[in-house]
Amino acid sequence: MGKNTINKKQNFIAESYFQGSDLDKRIEQIVEEVSKETGFVSNGITRTSSWWGSKIIGAFHRQGKYQGKPAVLKVQGVKPNTSEIEMIESFEAQNKSRLIRPPKLYTTIPWSDKRKYEALIMEDVGDKKIVNVPTNSDEVKRYFEIFREYREKCRNKAWLLKPDVSIGKMIKIRFEKWRKSSWEIYPNHPLRKKGDVKLIDRVIKILTDKYQGVEWEFQHGHLSDSDFYEVPDGQIVVLSNLYWSWRAPFYDAVFAYHWHIYHLADIKDISLEKIEEQRKLWLDKIFELFGKDNRLLKLALLERAVAGLNLDALSLDPKVPIAKYLVEKTRSNVVELMEII
């Protein structure tokens with residue numbers, strides 16, 4: 001465990017949207033700078049990460065080579081509370097899994113306010129994701145086998161300070177910011193409905209009330225359908241390590257399902273039946289593992305559904321035929337979950 005890491009605060013990446021970022025204008029300049037300093041050789045292929053389909057990017061990945069090995073340069077353009085470098089090192093230091101690990105760091109450039117970025121040159125983990133879009137029952141089963149291993153062996157010692165506010169209070173704070181983001185990015189979204197604001201407010205009140213007395217859990221806060229990769233030796237590499245944090249119980253268990261359903265909008269001509277079949281694959285497994293009557297699991301599903309209605313579902317391209325259905329289904333899921341909690 002690194003020195004003093006327990007004094008570190010968790011990151012709130014979604015809220016970093018309000019810090020603003022000019023990273024999109026500096027990509028080539030930064031790649032050149034990092035290459036000169038480290039010897040990284042770029043191949044020109046870039047992937048950017050923006051907030052909810054907005055034009056503001058917070059990070060980018062550039063493929064290439066480092067000392068002859070395939071490598072990825074990741075550049076973070078908004079200052080985190082705790083750097084991804086420290087997150088990866090802290091994860092590695094307490095990890096007891098022989099199956100799951102963070103990516104290998106080849107070399108790093110820590111954040112400096114002068115440069116306005118931090119850079120990590122990491123192993124290239126390839127493209128063998130555990131879950132594809134669309135997925136199947138074998139992949140979802142394997143995902144949760146890996147997930148169980150992560151829960152048992154990758155969270156032995158928290159390295160970040162626990163928030164000094166309750167889960168309910170944090171939900172209220174975060175939704176206020178997410179709502180602001182939603183209206184700033186999509187001021188006239190065609191799939192929003194007049195009653196959505198009131199519905200979201202009702203759910204926030206329910207969540208604030210129902211989470212009273214519930215303890216935070218330390219977990220990886222971004223285990224999406226594209227964060228587990230199998231490398232040639234059979235090990236599983238976990239990405240998005242910037243998001244290790246304290247969250248409500250089962251947040252990590254429902255996150256991949258939540259985003260996988262929205263990622264289906266990228267599949268050309270996907271049918272409604274296929275979407276619901278995919279949803280059932282995830283939910284059947286989640287309920288089998290964690291219990292259909294599990295109150296905290298239902299709360300986690302409701303929190304993600306209402307986050308979807310507020311913003312996540314709105315990040316789908318409204319011109320894509322299936323987007324309307326996905327937003328409407330999110331809305332009806334919110335109502336259904338609200339009634340059974």
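## A helix and its last residue

A helix here is a DSSP run of H or I that is at least four residues long, and helices are numbered from the N terminus. By that rule, Q94 sits in helix α2, which covers residues 84–94. The structure is a predicted model.

Is Q94 buried or exposed? Q94 has a relative accessibility of 7%, and buried means under 20%, so Q94 counts as buried. Now compare Q94 with L105. These two residues are 11 apart along the chain, and their C-alpha atoms are separated by 16 Å.

## The whole chain

The chain has 9 helices and 10 strands. Its radius of gyration is 20 Å, close to the 20 Å that the globule rule gives for 341 residues, so the chain is as compact as a globular protein of that length. Along the principal axes, the C-alpha atoms fill a box of roughly 55 × 40 × 40 Å.

How much of the chain is buried? Buried residues make up 54% of the 341 residues. Residues 24 or more positions apart account for 76% of them. The chain exposes about 16,400 Å², and carbon and sulfur atoms supply 50% of that area. Charges come next. There are 57 positive and 48 negative side chains, and the centres of the two sets lie 3 Å apart.

Follow the chain on from Q94. N95 is in the loop between α2 and β4, and β4 spans residues 100–101. N95 has a relative accessible area of 17%, so N95 is buried by the 20% cut-off.

What does N95 touch? Leaving out residues up to four places away in sequence, N95 touches I100, R101, K153, C154 and N156. The side chain of N95 has a polar atom 3.2 Å from the backbone nitrogen of S97.

Start with R26. R26 is buried, with a relative accessible area of 9%. Its side chain reaches the backbone oxygen of R115 at 2.9 Å. Beyond residues up to four places away, R26 touches R115, K116 and Y117.

Next comes E118, in strand β6. Its relative accessible area is 0%, so E118 is buried. Which backbone atom does the side chain of E118 reach? It reaches the backbone nitrogen of E84, at 3.1 Å. E118 and E84 are 34 residues apart along the chain, yet their C-alpha atoms are separated by 8.7 Å. E84 is one of the residues that E118 touches; others include K74, V75, S83, I109 and W111.

## A buried leucine in a loop

L223 is in the loop between β7 (217–220) and β8 (228–230). Is L223 buried or exposed? L223 is buried, with a relative accessible area of 1%.

Which residues are in contact with L223, apart from its neighbours within four places? They are Y143, F147, Y150, F228, V238, D252, F255 and A256. L223 and R62 are 161 residues apart in sequence and 22 Å apart in space, C-alpha to C-alpha.

## Backbone exceptions

Most residues other than glycine have a negative phi, and most peptide bonds are trans.

A cis peptide bond joins V133 and P134, with omega about -5°. P134 lies in the loop between β6 (117–123) and α3 (137–153).

Q67 has a positive phi, near 50°. Where is Q67? Q67 lies in the loop between β2 (57–66) and β3 (69–76). At 63% relative accessibility, and with exposed meaning over 50%, Q67 counts as exposed. D269 also has a positive phi, near 60°. This residue is in the loop between α6 (251–263) and α7 (272–290). D269 is exposed, with a relative accessible area of 71%.

Definitions and conventions: Residues are numbered from 1 along each chain as its sequence is written. This is a predicted model: local features need pLDDT of at least 70, side-chain atom pairs count only at pLDDT 80 or more; totals for chains, interfaces and linings use all residues. Side-chain values use heavy atoms; hydrogens and water are left out. Helices (H or I, at least four residues) and strands (E, at least two) are DSSP runs, numbered from the N terminus. The radius of gyration is taken over C-alpha atoms; the globule rule is 2.2 Å times the number of residues to the power 0.38. Buried means under 20% relative accessible area, exposed over 50%, partly exposed in between (1.4 Å probe, protein chains only). Contact means heavy atoms within 4.5 Å. Accessible areas come from the Shrake-Rupley method with a 1.4 Å probe; for residues, only the protein chains shown count as cover. Lys and Arg count as positive and Asp and Glu as negative; His and the chain ends are not counted. The place of a charge is taken as NZ of Lys, CZ of Arg, CG of Asp or CD of Glu. A polar contact is a pair of N or O atoms within 3.5 Å; within protein, one must be able to donate a hydrogen and the other to accept it, and residues adjacent in sequence count only if both atoms are side-chain atoms.
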